[in-house]
Amino acid sequence: MPDVLTLALVGVIPIGVAFVLLAGLRWSAARAMGVGWLLASGIGLTYWSMGPNWLIASAIYGALQSVDIILIVFGAILLMNYLEGSGAISTIRWYFGQIEEDRRIQVLLIGLGFMTIIEGAAGFGTPGALAAPLLIGLGFPPLAAAVFGLYFNAPNPPFGAAGTPVIGGTGAVIEPALSGSMNTSEFLSMVSGWSGIITGFTYVFWALLGVFFMTYWFGNADGEHSFTNAVRSTLPIAPFALILGAITGGTQILIAWFVGPALPDIVAGFVVLAVGLLLANNDILIPEDEWDFPDESRWNDTWLGGLELDEASQEQPKKNMPVLLAWTPYLLVTLVLLVTRWPDLTISGVGVLDWIQSFTVSLDSILGTELGYTLQYLYLPGTMPFIPIAILTGFLHKMDVSQMGVAWRRSVKQVVPAALTLIVAVSLTQIMIQSQTNTPNILGMMEALSRALAMGAGGLLPIISPWIGIIGSFMTGSNTTSNILFSVLQYNAAETVGVSRTIAVSLQNVGGGIGNMVSVLNIAAICGVVGITGREGDLLRKAIIPMALFALFAGLFGMLLTYVLVPGLF
């Protein structure tokens, strides 16, 4: 019988080849994962001697599991396209331009407030794509807009698109690993809570650190960085930044712990935006001296990325409707998710959450195997509330039929590539997981990889776990896909080492968010959005520093939780 290391070396081939194709040859995620799927199927049939019936059932099961994620992605994109088409996004952008001229305050309000809300409601790269042009319109250098469009979103993807990385990512693959030891929804609630604690505590210093990096990197157009000057420019804003960071993180923790993964970003974004605007409008904790970038005439080519400034400001945002009306769809999303996700909420003696989850479509057995699939179609954020509120937005914002049609067509076009990637990725992962059902009765691919990881990391697994999540999203550009690929790996490795499985999977979830900051796909996309394509290296060199600091903090905090604060946690 092959030993664990041999099984792991063979089992890693599908994922390893897919990653090489993604990062090395720049293949699309769907194409690279497709090759990985073929390799996993071939290895499963030959080396693992899986029965053809079981292998096909595993692939179908994975494809069905991806339907949940696709519906969430489609609903989030549809709502965003309605808001773009109606002029709501332009109104929101216009509003931010009227508030405060101090660049430190602008980046905090947009980074902690606007971007956090957009990540919670839409995810999948949307926050940076919307925030970076907004920052350029306010007067930020294009490179700075791109850097902080990635930076401030790093703690948010674990709860992006109404909790898709937890609900659709980890939730799509974790059930077989639990083996009945815990209910899946209960485990996901724990992952939500502990992920919120890690990201929430990060936020306490993340806002202030962001201001420091901005003043350090972009305080001098001559390319000379002064640590002393950056500290001097950061200290006056420290009380404002620390309070907003603590409010963002504290709200994220409370909602993630007591409500679930669907709402932490949305609620935290609204709360910190309200507090930040209140402080700014009343001149509370606002420094007397405004901080600004050097004069535009002194900006070097690296900052500009080849972009002409008049080109960058061609499309100034306009006020197309009352600001409150523009925000109304997001407020409605928050309200509906809060009502339908609150664990103990009852109406006429009936639990709202239980009632929502009771509407299902089920397939008890796929091809005669033990694998079954259930779609809770009203519990998915995509179908409730994203799609209904998107339709309602059309009437609230008085869109005509042609504008609504454009929103639907654009959403379908945008979701197709993501859908294909998700179908292949979840199907690939399920084949690797279900390879444990085989004729020679050997460890499955994912189990072998987990044990090899446990052997290599040992008791230091909590420090390693965030980096595994980072690798997944670095290659795929998706926290959700990273969780699909590695949640079971982390769970099984933690079980083998004897440390908390919940903390390990939570660190995986957090790491997936961190990796979005340096993802090849995200960096290329945001450079394209702000018009500095070809400067991806400049952006990566800056983003990699805070990414490493975040990963180090998450790993050390994970060690503290595992061995000191909650050593007996499941």
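I started with Thr199, which touches Pro155, Pro158, Phe159, Gln252 and Val510 when residues up to four places away in sequence are not counted. Here contact means heavy atoms within 4.5 Å. Thr199 sits in helix α11. I looked up its accessibility, and at 0% relative accessibility Thr199 counts as buried. My cut-offs: buried is under 20% relative accessible area, exposed is over 50%, and partly exposed is in between, with a 1.4 Å probe and protein chains only. Helices are DSSP runs of H or I with at least four residues, strands are runs of E with at least two, and both are numbered from the N terminus.

A note on what I am reading: this is a predicted model, where local features need pLDDT of at least 70 and side-chain atom pairs count only at pLDDT 80 or more, while totals for chains, interfaces and linings use all residues. Residues are numbered from 1 along each chain as its sequence is written, and side-chain values use heavy atoms, with hydrogens and water left out.

**Tyr61**

Next I looked up Tyr61 in helix α4. Is Tyr61 buried or exposed? It counts as buried, because its relative accessibility is 3%. Leaving aside neighbours within four places in sequence, Tyr61 is in contact with Glu175, Ile366, Leu371, Gly372 and Gln430. I also checked Leu428: it is 367 residues from Tyr61 in sequence, yet the two are 10 Å apart in space, C-alpha to C-alpha.

How many residues of α8 (residues 142–151) are buried? Ten of its ten are, so I noted the helix as mostly covered. Among them are Pro142, Phe148 and Gly149.

I then followed α8 to helix α26 (residues 536–565): their axes come within 10 Å and cross at roughly 35 degrees. The axes are lines fitted to C-alpha atoms, for helices over the stretch in contact, and angles run from 0 to 180 degrees between N-to-C directions. From α8, Leu143, Ala146, Val147, Leu150 and Tyr151 meet Asp538, Leu539, Lys542 and Pro546 of α26. The residues of this contact divide into seven nonpolar, no polar and two charged. In this count Ala, Val, Leu, Ile, Met, Phe, Trp, Tyr, Cys and Pro are nonpolar, Asp, Glu, Lys and Arg are charged, and the others, Gly among them, are polar.

**The second largest pocket**

I looked up the second largest pocket and found about 960 Å³ of space in it. Of its 33 lining residues, Thr184, Ser185, Leu188, Gln376 and Tyr379 are the closest to its centre. A pocket is an open set of points on a 1 Å grid over the protein atoms alone, where a 1.4 Å probe fits, with protein on both sides within 12 Å along at least five of seven lines; lining residues have an atom within 4 Å of a point. The volume is the space filled by probe spheres set on the points, which are joined across faces, edges and corners. Elements that each supply at least two lining residues include α4 (52–86), α11 (184–218) and β4 (373–375). By class, the lining has 17 nonpolar, twelve polar and four charged residues.

Most residues other than glycine have a negative phi, and most peptide bonds are trans. Asp283, not a glycine, has a positive phi of about 55 degrees, and Leu285 has one near 65 degrees. I found Asp283 in the loop between α14 (264–281) and α15 (301–304), and Leu285 is in the loop between α14 and α15 too. Asp283 counts as exposed at 56%, whereas Leu285 is partly exposed at 35%. Last, I noted a cis peptide bond between Met384 and Pro385, with omega about 25 degrees; Pro385 lies in helix α19 (residues 382–396).
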